[in-house]
Amino acid sequence: MEPVTGNDVSLSVNLLRRAFADVPDSAWRVPAGGLRWSCWETLEHLIDDLFTYAIQVAASNPPRDDLVPFDYHSARDGGPANSLFLQANAGTAGLLQALEVCGVFLGSAVRDAPPDRRAHHSFGLSDPEGFAAMGVVETLVHGEDLARGLQRPWEPPADLCARALHRLFPDAPPEAEPWPALLWATGRGSLPGHPDRKDGWRWDSRPADER
């Protein structure tokens, strides 16, 4: 299996931008899929994820037991804890522009980082490829949340899903198609013969040779 790269981050972000470019500005406040967040909050959270992963892997001596110390907080009770928030009047163009920028940050940080760099993530100390894979998975599965909330089609390429799945979910059923398997692995779908993960799931962000 080919590794996940900064180019894969760019690909996933650009797929999402194209898929949701014509969403009306007023539509983003509907609930996102099965989440407790609105589509606006979900996309804002994704933007913040990409930024957070970028700053973790970009630091020359990144923290191994915590995040780079930006201020993370929720804008409301039950909302996502972010360090970045968009202006309330940003609209679709502003949201997707911010997504593009933070995708560029992460893709560039992954490409520039030495492969032996290690940085903190709560699911396991990770390397640049791991942060790229996390960015891809966040983008693809939150794209699914947005698609369910906004009632739009969304099915990423199988090869992109397969690379991210292989890197972060080594226990995923190898016989399953990559996109349904990724949805199952992240608690968003079912696979025949396998128990659902809706009530608890996590990826393994550690490099394969350190598991």
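## Helix 6 and its surroundings

Gly187, which comes after helix 6, has a positive phi, near 75°. Helices here are DSSP runs of H or I with at least four residues, strands are runs of E with at least two, and both are numbered from the N terminus. This is a predicted model, in which local features need pLDDT of at least 70 and side-chain atom pairs count only at pLDDT 80 or more, while totals for chains, interfaces and linings use all residues. Residues are numbered from 1 along each chain as its sequence is written, and side-chain values use heavy atoms, with hydrogens and water left out.

Helix 6 is largely enclosed by the rest of the structure, because seven of its eight residues are buried. Buried means under 20% relative accessible area, exposed means over 50%, and partly exposed is in between, with a 1.4 Å probe and protein chains only. The buried residues of helix 6 are Pro178, Trp179, Ala181, Leu182, Leu183, Trp184 and Ala185. Helix 4 and helix 5 are among the elements that cover them.

Leu182 is placed in helix 6 and counts as buried, at 0% relative accessibility. Neighbours within four places in sequence aside, Leu182 is in contact (heavy atoms within 4.5 Å) with Val137, Leu140, Val141, Cys161, Leu165 and Phe169. Between the C-alpha atoms of Leu182 and Gly200, which are 18 residues apart along the chain, the separation is 14 Å.

## The nonpolar core

Leu182 also belongs to the largest nonpolar core, which has 59 residues. Such a core is a set of buried Ala, Val, Leu, Ile, Met, Phe, Trp, Tyr and Cys residues joined through side-chain atoms within 4.5 Å. Leu16, Phe20, Trp28, Leu43, Leu99, Phe169 and Leu182 have the most contacts inside the core. Two or more residues each come from helix 1 (6–19), helix 2, helix 3 (91–112), helix 4, helix 5 (158–168) and helix 6 (178–185). In soluble globular proteins, nonpolar side chains tend to be buried together.

Leu16 touches Leu43, Leu46, Leu96, Leu99, Thr139, Gly143, Leu146 and Trp154, if residues up to four places away in sequence are not counted.

## After helix 6

Trp203 lies in the segment that comes after helix 6. With a relative accessibility of 4%, Trp203 counts as buried. Beyond residues up to four places away in sequence, Trp203 touches Tyr53, His121, Phe123, Met134, Val137, Glu138, Leu168 and Phe169. One of these, Met134, is 69 residues from Trp203 along the chain, and their C-alpha atoms are separated by 8.7 Å.

## The largest pocket

The largest pocket holds about 710 Å³ of space. On a 1 Å grid over the protein atoms alone, where a cavity is a set of points at which a 1.4 Å probe fits but cannot get out, a pocket is an open set with protein on both sides within 12 Å along at least five of seven lines; lining residues have an atom within 4 Å of a point. Grid points are joined across faces, edges and corners, and the volume is the space filled by probe spheres set on the points.

The lining has 29 residues, and Trp37, His45, Asp49, Glu138 and His142 lie nearest the pocket centre. Helix 2 (39–58) and helix 4 (128–150) are the elements that give two or more residues to the lining. By class, 11 lining residues are nonpolar, 10 polar and eight charged. Ala, Val, Leu, Ile, Met, Phe, Trp, Tyr, Cys and Pro count as nonpolar, Asp, Glu, Lys and Arg as charged, and the others, Gly among them, as polar.

## Loop residues

Asp66 is in the loop between helix 2 and strand 1 (73–74). Asp66 counts as partly exposed because its relative accessibility is 45%. Its contacts, not counting residues up to four places away in sequence, are Gln56 and His120. Asp66 is 32 residues from Gly34 in sequence and 29 Å from Gly34 in space, C-alpha to C-alpha.

Gln151 is placed in the loop between helix 4 and helix 5. Gln151 is exposed, with a relative accessible area of 73%, and its phi is near 55°, a positive value in a residue other than glycine.

## The annotated domain

An unreviewed UniProt entry annotates residues 15–147 as "domain: Mycothiol-dependent maleylpyruvate isomerase metal-binding". UniProt positions are given in the numbering used here, feature names are shortened, and annotations may be inferred rather than shown by experiment. Over residues 15–147 the chain is 50% helix and 3% strand, with the end C-alpha atoms 13 Å apart.
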